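Work through these exercises with the sequence and the model side by side. Try each task before reading its solution.

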Amino acid sequence: MHGHHVEDELCVCFHVSRAKVIRYVKRERPRVVSLISQCLSAGTGCGWCIPFLTRIHEEVMAGREPEPAMSREEYLRRRDEYRRRVANLRADTAPPALPGDAPSDAPGSPPAAR
Ligand code: FES
């Protein structure tokens, strides 16, 4: 069983390693996480890695060394599950709107990543 290695891909969609993200944040000290996505494309595919980018950003900006949240196997397994869930949500047809059921923009939801 393998652990998580710093050179492993954090953003699997765009092949961006944890090390690359950490180096970028240390060097550029971007104010917001979206700047990491803009520069490295990390997080702009399925969206799975966004919370992990956020965590790395927080840790590095606070002067801490970010630790991987889980093993490599678990990371990839959970990403598969996440992608299946998202695919199912998209495949679902929208339920008929009920009277008085105004469509709401869920606050705090991440920007739609495609
Ligand atoms: S793993 Fe980063 S956007 Fe999909």
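**Exercise 1.** What should the 12 residues of helix 3 span at 1.5 Å a residue, and how far apart are its end C-alpha atoms?

*Solution.* First, the ground rules. This is a predicted model: local features need pLDDT of at least 70, side-chain atom pairs count only at pLDDT 80 or more, and totals for chains, interfaces and linings use all residues. Residues are numbered from 1 along each chain as its sequence is written.

Helices (H or I, at least four residues) and strands (E, at least two) are DSSP runs, numbered from the N terminus. The expected span of a helix is 1.5 Å times one less than its number of residues. For helix 3 that gives 16 Å, and its end C-alpha atoms are 16 Å apart, so the two agree.

**Exercise 2.** Which residues of helix 3 are buried? Where do they lie around the axis?

*Solution.* Apply the cut-offs. A residue is buried if 20 or more other C-beta atoms lie within 10 Å of its own, exposed if 12 or fewer, and partly exposed in between; C-beta atoms are placed from the backbone. In helix 3, Ile50, Phe52, Leu53, Ile56, His57 and Val60 are buried. They cover an arc of only 160° around the axis, so they sit on the same side of helix 3. The arc is that of the directions from the helix axis to the C-beta atoms. An α-helix has 3.6 residues a turn, so residues three or four places apart point the same way.

Next, find the partners. The buried residues of helix 3 pack against strand 1, helix 1 and helix 2 (34-40). Just after helix 3, Gly63 has a positive phi of about 85°.

**Exercise 3.** How many of the 20 residues of helix 4 are buried?

*Solution.* The count is 1, and helix 4 is hardly covered. Its 20 residues should span 28 Å at 1.5 Å a residue; the end C-alpha atoms are 29 Å apart, which agrees.

Look at Leu76, which is in helix 4 (residues 72-91). Leu76 is partly exposed because 15 other C-beta atoms lie within 10 Å. Leu76 and Glu9 are 67 residues apart in sequence, yet 9.8 Å apart in space, C-alpha to C-alpha.

**Exercise 4.** Which loop holds His15, and which holds Arg29?

*Solution.* His15 lies in the loop between strand 1 and strand 2 (16-17). Its phi is near 55°, a positive value in a residue other than glycine. His15 counts as exposed because it has 11 C-beta neighbours inside 10 Å.

Arg29 is in the loop between helix 1 and helix 2. Arg29 is not a glycine, but its phi is positive, about 45°. With 11 other C-beta atoms within 10 Å, Arg29 is exposed.

Technical notes. Two residues are in contact if their C-beta atoms, placed from the backbone, lie within 7 Å.
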